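Morning, everyone. I'll walk you through one model today. Have a look at the sequence and the structure first.

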Amino acid sequence: MKLFWKTLIVATVLATASHAESLRMAVTTSFYNSGLSEILLPEIRADIGLDVELIVVGTGQALALGKSGDVDAILVHARAAEEAFLAAGYGTHRREIMYNDFVFVGPDDDPANLGRAETAVQALQSIARAGVVFVSRGDDSGTNKKEQSLWVEAGIEPEGVWYRAAGAGMGATLNVASGMNAYTVSDRASWLNFGNKGELVLLFAGDPALFNQYAYIPVSPTRWPHVKSDLAMQLENWLASDRAKELINGYTLNGEPLFTFNATQ
Amino acid sequence: MDSIGQGFWDAWGLIISLDPDLYEIIFLSLQVTVSAVIIASVIGLPMGAWLAVNRFWSRRYVIAVLNALMGLPPVVVGLFVYMLLSRAGPLGGFGLLFSPSAMIIAQVIIITPLIASISHQTIRDLWAEYHDLLISMNATRTQRITALLWDGKRALLTATLAGFGRAIGEVGAIMIVGGNIEHATRVLTTAIALETGKGNFAFAMGLGLVLIVLAVIINLLIHIIGKTERASTW
């Protein structure tokens, strides 16, 4: 057993030494599924020589990984939870990077008449009134938190057989919605990139309440001295740079732009 | 949705074009699982044999626990190893989380009870046969265990291969402790989960086919090396 542990430690030390400039960042599934990371990561490596290792999880888990010091930085989209994270001293600061928006998707024939809704709250109310199946992420992610806050605003306690909490990531939830031909809320990027749409179509979007801000938070080196805060700072500077602005604003899928850069420079 | 055939075709295209990303995840899958199987066999096989030749009051309880642990949910193991290796956990100082080592540790915990349990069953039967002989030769406990493990080696291969089967197809634990990081901890099963999440069902199926073919090749190789399951031998 001793030899085993020694081998493990030596192997790990060697593995870490071979790519010294690497940084671990927890990101949300919605960001990853958009495909933007595949554009940004190679550029980051080319520009500042930094290897960003992504841990793709929901916002709830991303914040938990930051709290326990298992990642160097996080990129998430749930403002209230981010502020609580900062208030508890787990992160150094919060930097807004970019935004996209949430959309309502549902069956092509639209039994709840979402096409006629004017606000996101109205859209939810018509889904609840029609009693048509709605699939929720149900995983404490940023998308889930946004959906929950909209239900509160709509004055509806979502309960009953029509409300299904999938307890899964965005892709898996879209798969469930597609399989059940049900309504759901998705971020625009994941929706556009999703390969199993079936009979689902985009039914409602554009309400400012569906604004989806992504923010970057370096994990506090005061709390976790091992975090690579210098590299986290370098990454932040890059993410807020003109180069990043050009790449983020220029990223399109099926001709549609997905994200809008809004970091203060 | 594209057809299953299309997915297999895409996967096949990646295989024959020697796609570096695909080979990287295949190699890592093998590296992690083979390491885990070797470590778990080194622990599990002698443990099973030891349990077979020794009689002590809590023996049946130990065996019951071992058998029950064969059904350990991988997600629970993953969570346990995560909490152990997390910076906030007791072994956090080693910084092993999100590395192949963490994935190996989780798999060892998952498959050791399986290997030990099958090994125990096999050795117990063999021990019944060899008991008088080994006792009359006045063999020490270590000699008995060694002799039994050696003579039962073909049957024990089944224990090892069962461990391999469970480990290579495992996703719940290694997703949590490995993090599915591209070029670092992404293996076949986590890649399949990822592609399923993206709705790329056909491609995920294609990767599943690669996984099965890989497992068949490994099993065949072991039979060839071990000279078992040939037409002329029983």
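What distance separates the centres of domain 1 of chain A and domain 2 of chain A, taken over C-alpha atoms? It is 26 Å.

A word on conventions. Residues are numbered from 1 along each chain as its sequence is written, and chains are lettered from A and ligands numbered from 1 in the order in which they are written. The model is predicted, local features need pLDDT of at least 70, side-chain atom pairs count only at pLDDT 80 or more, and totals for chains, interfaces and linings use all residues.

Back to the domains. Domain 1 of chain A covers 21-99 + 212-261, and domain 2 covers 101-210. Those bounds come from an automatic or database domain assignment. Between them, 18 residues of domain 1 of chain A are in contact with 18 residues of domain 2 of chain A. Contact here means C-beta atoms, placed from the backbone, within 7 Å. On the domain 1 side, helix 2 (29-33) and helix 4 (59-67) of chain A each supply at least two residues. Helix 2 of chain A gives the most, with three residues. By class, that side has five nonpolar, 12 polar and one charged residues. Nonpolar is Ala, Val, Leu, Ile, Met, Phe, Trp, Tyr, Cys and Pro; charged is Asp, Glu, Lys and Arg; the others, Gly among them, are polar.

Now chain A as a whole. It has 11 helices and 12 strands. These are DSSP runs, numbered from the N terminus: helices are H or I, at least four residues, and strands are E, at least two.

Next, the partner chain. The contact takes 26 residues from chain A and 21 residues from chain B. Helix 1 (2-18), strand 2 (51-57) and helix 8 (170-180) of chain A each supply at least two residues of the chain A side. Helix 1 of chain A gives the most, with six residues. That side has 12 nonpolar, 11 polar and three charged residues.

Last, inside chain B. How do helix 2 (residues 20-53) and helix 6 (residues 141-151) of chain B cross? Their axes come within 10 Å and cross at roughly 115°. The axes are lines fitted to C-alpha atoms over the stretch in contact, with angles from 0 to 180 degrees between N-to-C directions. From helix 2 of chain B, the contact uses Leu45(B), Pro46(B), Ala49(B), Trp50(B) and Val53(B). Helix 6 of chain B brings Arg141(B), Arg144(B), Ile145(B), Leu148(B) and Leu149(B). By class, this helix contact has eight nonpolar, no polar and two charged residues.

Terms used: Two residues are in contact if their C-beta atoms, placed from the backbone, lie within 7 Å.
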